[in-house]
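Colleague: Could we go through this model together? I would like to begin with the aromatic residues and then turn to the ligand.

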Amino acid sequence: MNNTYGVHGWNQPWGGADGYDWTQPDLHIEMAKALERARFDFLLMEDSLFVPDNYGGSMGFYLARALRAPKNDPVPLVPLIAQATTHLGIVPTISTSFYPPYLLARLIATLYLMSTGRVGCNFVTSTAERAAQNFGLDAHIEHDLRYEMADEFVEVVTKLWASWDEDAIVMDRETGMFVDPAKVRPIDFKGRFFASRGPLNTARPPQGRPVLVQAGGSPQGQDFASRHMDAVLCAVSTIEEMKVFRTDLRQRVAAAGRDPDACKVFFVILPTVGETDAEAKDRVRRRQAQREAAPELSLAQMASLTDIDFAAFDLDAPIGELTTNGQQGTLKRFLKQGRTLREIAHNYRYGYEDLVGTPETVAAQMAELMEELGGDGFVFTGSVTRRYIAEVTDGIAPALQRRGLVRTAYEHPHFRDNLMAF
Ligand SMILES: Cc1cc2nc3c(=O)[nH]c(=O)nc-3n(C[C@H](O)[C@H](O)[C@H](O)COP(=O)(O)O)c2cc1C
């Protein structure tokens, strides 16, 4: 879910009353229930920690359009969603650059215990200079160093989650022992960036650790994923790029001494459905016309992800090479989409968008795509409205189920087991 606990479609035809209701959890709870009804693996909750001012050097563009701000912390939604569902995985986003590892390990362990094994964690290094400044830094930590920190961060939190044995709680009324002290240990971790004595002051999460997810696109991001992650998200717009990403990542996972199937790759898709194929194609044409009429929307979005002020460039001049300390993989992909900024903004895709038609048509296209890629699955993105949620969960998902391509019932109580079952 993009812009998770922010404002969705406040001035759009299907945005409902979100302009008034955005601080309430209802949309998120309804969405989670719909996703569970459609037997989704998980809901990923995007997050960021700053008010962007990258486009045109002011916050004005973003605040006026409610783009990425205002936005609540999504973590408090997790227990509410957990209460409203029984099997759906819930994956909040956590910054490895700014969260203290002990606090994060405890928070996620608590949520994982509360939800009996359904919470995951999307690890991001946080890419914006403004986010770094909100946490007291003058400038952001350098891109590759952030990933080195992230690596150590995951090592500490994993050790904290393992600081209690699975059978540490004995609850022996005869001897008066609730926890067996021999089964709880300090971790005495002292690394380059973090130190923590441990043990965690809550019990071991079911299965030892929650589901770990990551979406970094640079080689450093992929290496980070290959060492630790259960799932990786990849946003590219062509089948060729998907194939290259998946092959590369699986090689890295194998090189890290793991089974490549232990790390699922999910490709970001944005389908367009209609009552008929022609209607869906018409919707795509209209969306493309809107994109072309307002290139600044894509450019401002990209500015906030890459910390580059695209308002300062000539829209029709060749853009050339650019570098960033922000999202490097995202910038590289962005620049590949055209020669000038106008071309790039016209061609810009949020992921793979060539899934167009009735729910049946889209399901068939997804089947073909998966056949060609060899695995593992997709994550849906897009502007969240109740209409879009219904299109995906009541339209596309049942069409996939009818083809036998996705589950019709959850097999396992824990998120990880359901994730790995496909
Ligand atoms: C599907 C998807 C979801 C993401 N969610 C977040 C997020 O919630 N918060 C965030 O700061 N970055 C998010 N990112 C950005 C990635 O964490 C990463 O910074 C980006 O893909 C660039 O990777 P790189 O820094 O390795 O080049 C997301 C990326 C993708 C593709």
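**Aromatic pairs and the ligand shell**

Modeller: F42 is buried, and F266 is buried as well; buried means under 20% relative accessible area, exposed over 50%, and partly exposed in between, with a 1.4 Å probe and protein chains only. This is a predicted model, in which local features need pLDDT of at least 70 and side-chain atom pairs count only at pLDDT 80 or more, while totals for chains, interfaces and linings use all residues. Residues are numbered from 1 along each chain as its sequence is written, and side-chain values use heavy atoms, with hydrogens and water left out.

Colleague: How many aromatic pairs does a search of the whole structure find?

Modeller: The search finds 14 aromatic pairs. Rings of Phe, Tyr and Trp (its six-membered ring) pair if their centres lie within 6.5 Å; planes under 30 degrees apart count as stacked, over 60 as edge-to-face and the rest as tilted.

Colleague: What about the rings of F42 and F266?

Modeller: Their centres are 5.6 Å apart and their planes are at 65°, so the pair is edge-to-face. F42 belongs to strand β1 (residues 42-45) and F266 to strand β10 (residues 264-269), so the pair ties together parts 224 residues apart in sequence. Strands (E, at least two residues) and helices (H or I, at least four) are DSSP runs, numbered from the N terminus.

Colleague: And why is the pair of F193 and F194 tilted?

Modeller: The ring centres of F193 and F194 are 6.4 Å apart and the planes are at 55°, so this pair counts as tilted. F193 is partly exposed, with a relative accessible area of 27%, whereas F194 is buried, at 13%.

Colleague: Which residues form one aromatic cluster?

Modeller: F310, F313, F334, Y348 and Y350 form it.

Colleague: Now the ligand. How many residues surround it?

Modeller: The ligand is surrounded by 19 residues, and the closest are D47, Y147, A215, S218 and G329. A residue is near a molecule if one of its heavy atoms lies within 4 Å of it.

Colleague: Which element gives the most to the shell around the ligand?

Modeller: That is α12, with three residues.
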